[in-house]
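This report concerns a structure with the sequence shown below.

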Amino acid sequence: MRNVLSPTLVVSLGFGLASVLAQAQAPPDWTGYYTLAPNRELAPAGFKQDAPGEQLNDLIIPHLQPWAKARMEATDGIADDTGQVCLPDGIFRYPSMAGRFVWLQEPGRIVMAFGNINTAGVRRIYLDRPHPKNPIPSWNGHSVGRWDGNTLIVDTVGFNDKSWLFGGMEPHTEEAHLMERARRVANGAFVELNITVEDRHALNSPYSYNRYYKKQPDGAEMPEDVCAEDPDTWKQFRNEALKKQQSRLRQLK
Amino acid sequence: MRLIVSILCALPMVAQPGGQAPDLRGVYQSIPDRMTLPGGLKNVGAPAAIELLPEAARQTRNVDLKSDPWKICQPVGPFRMMAKEHTKIELVQVSAMIVMLFEDLSHGMMRNIYLKRGHPARLEETWLGDSVGRWEGDTLVVDTVGFNDKTWLNEEGAQHSDALHLTERIHPVLRGQFLEYRMTAVDPRVLAKPYSYTRYYRRLDTEVMDDVCQDEP
């Protein structure tokens, strides 16, 4: 005997399938305020921040090409560290340094606005489109992304070479390439960001690490943070930096 | 009874004659003061034209113009920032807030305009103040209080007090290609009377880039 599906059943199945497909296609909305998750909160869920704090330098340095290592060793904490004088720190330092951000999700785009807005800035991730052919080199580069199920895959190129990979002042070139995979873990309690950096002119091999962020409760607001809050302090830094840069130039002559 | 219910149901429509709130998302840039748009629309007023109370005017004459927040890469506050020619803003709209991002981040920073709450009872003073927004038809009305006293009202050095209160009315004009932006400042300790200016912001089809403030050494 042939099975005959009733029209009602067919319609129901049709709607059910459409609903499942719609759910599969609708990207998750992560809009909210996030802060770096402390290891003590991650541990019970079986996660941990790789190379937390300054330890990230130890993870990066073995990957540096000899010229990059020599360049790093020749830097001066005050003269060269951009964030000290309220210039941008660049995108590579944000996962650890700018420990908080607002994630704003719009159709076709995700905007990340960092707490240290003067030094980490704003990042715009354009979804489902390629990079422009020749992006203008910038501190935060040009980011495109796509959802692969519940994982957001982000690709960033188009950097200037003025920022450092991290606080040890490890250099990168305009060829640097940042690859990130973001997903929610521990029943959505944390966003896991898997970060990989490659730069064929500065690194012998790519390096990778994980960072975890915790979504703050709905209604939590990111406080204002002004880098040049105390102009006397940062002007002093800036003048010292200029003095050191000038004396270095004199030595080179 | 049915009539009363109908009238009550219709009331929200009366309150919002323009119907649904418009989608303001996008990048906009203030037009130059010399430009006239179709219909004779033009920028009107400027922060330099505020009228100060005598004591505030006396204080302004003693201000060292070298310490202008603009010249040392500090935030200049919405009242000055929104009036400048060629100010580029990006409006990002999510359910609970509209975020105004300035291309010139050092001077403009990021303004969060909260749509689902009033001002907190105890306000922490900040450079940009606490902004809440509501829709009146197709006009976004932004109310901002809670400023610190570090920003200036204009480049002539006019100071303001922590009683500064700003109201901004923003709505799309010319088929959404421009925003009409009206700013009103009230500060009973500094301003002789409330002051308003109008700016037009052109919608741009562009991405916002990094813009880094470097002060003069």
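## Basis of the description

A salt bridge is taken here as a side-chain nitrogen of Lys or Arg within 4 Å of a carboxyl oxygen of Asp or Glu. The model is a predicted one. By this rule, 23 salt bridges are counted over all chains.

## The interface of chains A and B

Chain B places 35 residues in contact with 35 residues of chain A. The area buried between chain B and chain A is about 2700 Å², with carbon and sulfur atoms contributing 59% of this area. On the chain B side, Met109(B), Glu207(B) and Asp210(B) lose the most area to chain A, and together they account for 18% of what that side buries.

Between chain B and chain A, 9 residue pairs are in polar contact. Several elements of chain B each supply at least two residues of the side that touches chain A, namely β4 (88–94), β5 (97–102), α4 (105–108) and β6 (110–114). The largest share, 5 residues, comes from β4(B). By class, this side of chain B comprises 20 nonpolar, 7 polar and 8 charged residues.

## Salt bridges across the interface

The interface of chain B and chain A holds 4 salt bridges. In one, the side chains of Arg124(A) and Glu90(B) meet at 2.5 Å, N to O. Arg124(A) and Glu90(B) also belong to a network of salt bridges that includes Glu106(A) and Arg109(A).

Arg129(A) and Glu207(B) form a salt bridge, with their closest N and O atoms 2.8 Å apart. This pair crosses between chains: Arg129(A) lies in the loop between β4 and β5 (142–148) of chain A, and Glu207(B) lies in the segment after β11 (195–204) of chain B. Arg129(A) is partly exposed, with a relative accessible area of 33%. Glu207(B) likewise counts as partly exposed, at 24% relative accessibility.

## Fold and nonpolar cores

Chain A contains 7 helices and 9 strands. Of its 253 residues, 46% count as buried. Among the contacts in chain A with a separation of 6 or more, 58% are accounted for by residues 24 or more positions apart.

The largest nonpolar core has 37 residues, and those with the most contacts inside it are Phe92(A), Trp103(A), Leu152(A), Leu165(A) and Val197(A). Strand β8 (residues 190–198) of chain A gives the most to this core, with 4 residues. Beyond its neighbours within four places in sequence, Val197(A) is in contact with residues including Phe92(A), Leu165(A), Leu178(A) and Tyr207(A). Apart from this core lies another, of 33 residues, among them Tyr28(B), Ile50(B), Met82(B) and Tyr181(B).

## Salt bridges within chain A

Arg123(A) forms a salt bridge with Glu180(A), the closest N and O atoms being 2.5 Å apart. The two residues link distant parts of the chain, 57 residues apart: Arg123(A) is in strand β4 (residues 122–127), while Glu180(A) is in strand β7 (residues 177–185). Arg123(A) counts as buried because its relative accessibility is 2%, under the 20% limit. Glu180(A) is also buried, at 2% relative accessibility.

A further salt bridge joins the side chains of Lys215(A) and Asp218(A) at 3.0 Å, N to O. Here Lys215(A) is partly exposed, with a relative accessible area of 23%, whereas Asp218(A) counts as exposed at 71% relative accessibility.

Conventions. Residues numbered from 1 in each chain as written. Chains lettered and ligands numbered in written order. Predicted model: local features only at pLDDT ≥ 70, side-chain atom pairs only at ≥ 80, totals over all residues. Heavy atoms only, no water. Contact = heavy atoms within 4.5 Å. Buried area = accessible area lost by both parts, 1.4 Å probe. Polar contact = N/O pair within 3.5 Å; in protein donor to acceptor, adjacent residues only side chain to side chain. Nonpolar A, V, L, I, M, F, W, Y, C, P; charged D, E, K, R; others polar. Core = buried A, V, L, I, M, F, W, Y, C linked by side-chain atoms within 4.5 Å. Buried < 20%, exposed > 50% of the residue type's maximum accessible area, 1.4 Å probe, protein only.
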